[in-house]
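Visitor: Please show me how to read the features of a protein model.

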Amino acid sequence: MTINMMTTLNLTTFNPDSFILVGIPGLEQFHIWIGIPFCTIYLVALAGNGILLYLITMDRSLHEPMFFFLSMLASTDLILCNTCVPKMLGILWLKAQKITFSGCLTQLFFLHFSFFLDSAILLGMAFDRYLAICSPLRYSSVLTPRTIVKILVGIVGRSFSIILPVVFLVKRLPFCRTRTIPHTYCEHIAVARLSCASISINIWYGFTMPLMAIMSDLILIGISYTLILRAVFHLPSRDARQKALSTCGSHVSVILIFYTSALFSALTHRFGHNISLAFHIMFANLYVAIPPALNPIIYGVKTKQIRNKVVLLLFPKGNSDLGMRT
């Protein structure tokens with residue numbers, strides 16, 4: 001018994017050199033093919049969000065609160081996909097499965113940080129639409145540049161304060177079991193489960209804090225859109241109602257994509273014991289890849305100002321010829 005205890009202590013370390021990310025267990029023979037659609041989605045996300053940020057930065061007509069929140073969303077989406085997808089492709093295509101402990105903690109931090117940042121930004125965008133539709137006369141006086149900076153600081157500060165303890169909760173754990181993570185990226189509970197100590201604090205903090213933060217955001221977003229819909233249906237003309245609803249359509253679409261995929265991924269990870277590991281990991285990978293790719297497309301299609309600027313950027317000659325004809 002003493003020998004076994006000594007062996008365990010010798011194998012235990014609080015800061016292991018590295019972990020091994022195995023990719024998608026059970027689908028190793030398809031890794032190369034699985035990587036192709038993920039690479040395509042990743043390139044779409046980079047191009048879409050990059051173009052969105054370029055337009056909002058360079059075009060002064062887009063220097064409005066709504067587009068400032070949209071630029072924050074695009075920046076966060078770039079953080080999310082760049083945190084996970086390049087490493088995922090390295091695993092799938094190059095078998096680059098090794099990740100250092102510090103690299104794993106960094107990836108874990110930015111993965112969860114961007115999740116809370118996205119949620120808070122969507123709440124800020126709901127507040128922006130509420131003011132624009134329900135109190136249009138107060139819109140410019142309330143959402144001043146100074147106020148928007150304060151909102152940004154509050155959003156980043158909240159997300160940082162929620163996620164920073166997670167890093168320390170993982171860092172305090174002793175690791176004496178396998179260093180192999182059945183995933184394509186470092187996720188809080190997946191890493192904690194490799195520990196030989198109790199992870200009850202990690203489980204409770206990792207479940208209750210996101211639940212409280214996300215539920216509060218969802219409730220406030222729901223209240224905002226309830227008030228928005230009530231105001232919209234009291235507008236006198238049909239054209240005014242359609243215009244108001246169209247400005248909210250893109251935001252509602254993004255909200256549904258983000259919360260549906262995020263909550264499903266989180267709940268299956270915690271309670272989906274009958275769901276195959278390969279399915280769960282595939283869905284988790286889709287969550288970090290698809291929303292960042294779809295968001296700029298949705299806003300590009302549904303937001304007239306963005307759509308016109310994208311067409312002008314991609315087809316400048318055609319637009320100038322059209323302008324000369326008209």
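**A pocket and a sheet**

Guide: The second largest pocket has a lining of 19 residues, and Met66, Arg129, Thr247, Thr303 and Gln305 lie nearest its centre. This is a predicted model, in which local features need pLDDT of at least 70 and side-chain atom pairs count only at pLDDT 80 or more, while totals for chains, interfaces and linings use all residues. Residues are numbered from 1 along each chain as its sequence is written, and side-chain values use heavy atoms, without hydrogens and water.

Visitor: How much space lies in the second largest pocket?

Guide: Rolling a probe the size of a water molecule over the atoms shows where empty space is left. A pocket is an open set of points on a 1 Å grid over the protein atoms alone, where a 1.4 Å probe fits, with protein on both sides within 12 Å along at least five of seven lines; lining residues have an atom within 4 Å of a point. The second largest pocket holds about 410 Å³, a volume being the space filled by probe spheres set on the points.

Visitor: Which helix gives the largest share of its lining?

Guide: Helix 9 does, with 6 residues. Helices (H or I, at least four residues) and strands (E, at least two) are DSSP runs, numbered from the N terminus.

Visitor: What is the strand order of the open sheet?

Guide: Strands of a sheet pair through backbone hydrogen bonds, either parallel or antiparallel. Here the order is 2-1-3, with mixed pairing; pairing takes at least two DSSP bridges between two strands. Strand 2 (98-100) and strand 3 (180-181) are the edge strands. Strand 1 (residues 18-21) runs antiparallel to strand 2, joined by 3 bridges.
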